[in-house]
Amino acid sequence: MATSSSQPVVSVESVRKEYELGGTVTALDGVDLTFEAGSYTAVMGPSGSGKSTLLNLIGALDTPTSGDVVVAGENVAALSEAARAALRGTRIGFIFQTFNLMPRLTAVENVTLPLMFDEWDRSDRRDRAEQLLADVGLGNRLDHLPQELSGGQRQRVAIARALAADPELILADEPTGNVDTETGNEIMSLLRDANNRGNAVLLVTHERRIAEHADRVVNVTDGVIERIEQVDHDTPVAGEQR
Ligand SMILES: Nc1ncnc2c1ncn2[C@@H]1O[C@H](COP(=O)(O)OP(=O)(O)OP(=O)(O)O)[C@@H](O)[C@H]1O
Ligand SMILES: [Mg+2]
């Protein structure tokens, strides 16, 4: 549930992540970062800088080599695999560059998936999924399979799915990476709406133009935070050339 307790929704403390793959790759080299409930942060950096690694750790898809990742009060590394799956299912909504929808399930079935963890009955799940799909402009595509939808429509299904359980944290890894600019703007506007309703949003991107939709931009290079900027939404951006 989206809440506004004073405890940060995510706390990343002295996190290192190394991958052993024919030598050691240090993907994150001592990262400290907190995300407040209801906040909107973009993590920006070049390819290979460790953005997805950070997102995957926060999303309890992986654990750090050292340091702590605390999500919704739970130290992710201390959880069993089942508890981690439950955390992912109920407290976190994921949006990926490649959409990651279940190919054999229709749009509305994909959106009901996160509701399986909670005690929703079947018709309530369906009602909620239909409402969420209507909210993202897909009320007329409920029974389409992912392959019968455009890229932008698939991403909107993924957003509806991420919002289904009303998680306190939404993680989006390059959510506009595979759609055209106009669709990308629609997707950013849906993420802003979610944030306005109280869901914390953490967005990963390599594009400054996209990052500046957030309220705070964390710049990452070679696994290290270089600087953190607050975004001033009141000053108009001069053209696109920044
Ligand atoms: N599963 C893995 N096994 C081994 N090395 C990995 C693995 N995942 C990532 N890496 C390495 O860790 C570093 C950081 O990768 P990461 O995917 O976090 O970068 P990124 O900032 O998301 O890049 P991009 O913008 O291209 O998505 C890279 O050098 C990458 O090769
Ligand atoms: Mg990445």
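**Exercise 1. Find which element gives the most residues to the shell around ligand 1.**

Step 1. Start with the shell, where a residue counts as near if its C-beta atom, placed from the backbone, lies within 6 Å of the molecule. Around ligand 1 there are 13 residues, and Tyr 19, Ala 27, Ser 47, Ser 52 and Thr 53 come nearest.

Step 2. Look for elements giving two or more residues: these are S2 and helix H1 (51-58). Helices (H or I, at least four residues) and strands (E, at least two) are DSSP runs, numbered from the N terminus.

Step 3. The element that gives the most is H1, with three residues.

A word on the model: it is predicted, so local features need pLDDT of at least 70 and side-chain atom pairs pLDDT 80 or more, while totals for chains, interfaces and linings use all residues. Residues are numbered from 1 along each chain as its sequence is written, with chains lettered from A and ligands numbered from 1 in the order written.

**Exercise 2. Describe how strands S1 and S2 are joined.**

Step 1. Strands pair if DSSP finds at least two bridges between them. Here nine bridges join S1 (residues 10-20) to S2 (residues 24-35), and the two run antiparallel.

Step 2. Pick one bridge: Val 12 has Leu 33 in S2 as its partner.

Step 3. Now follow the hairpin, which has three residues between the strands; Gly 22 takes a positive phi near 60° there.

**Exercise 3. List the contacts of Ile 58.**

Step 1. Contact means C-beta atoms, placed from the backbone, within 7 Å.

Step 2. Set aside neighbours within four places in sequence; Ile 58 then touches Val 10, Val 12, Val 69, Val 71, Leu 171 and Leu 202.

Terms used. Two residues are in contact if their C-beta atoms, placed from the backbone, lie within 7 Å.
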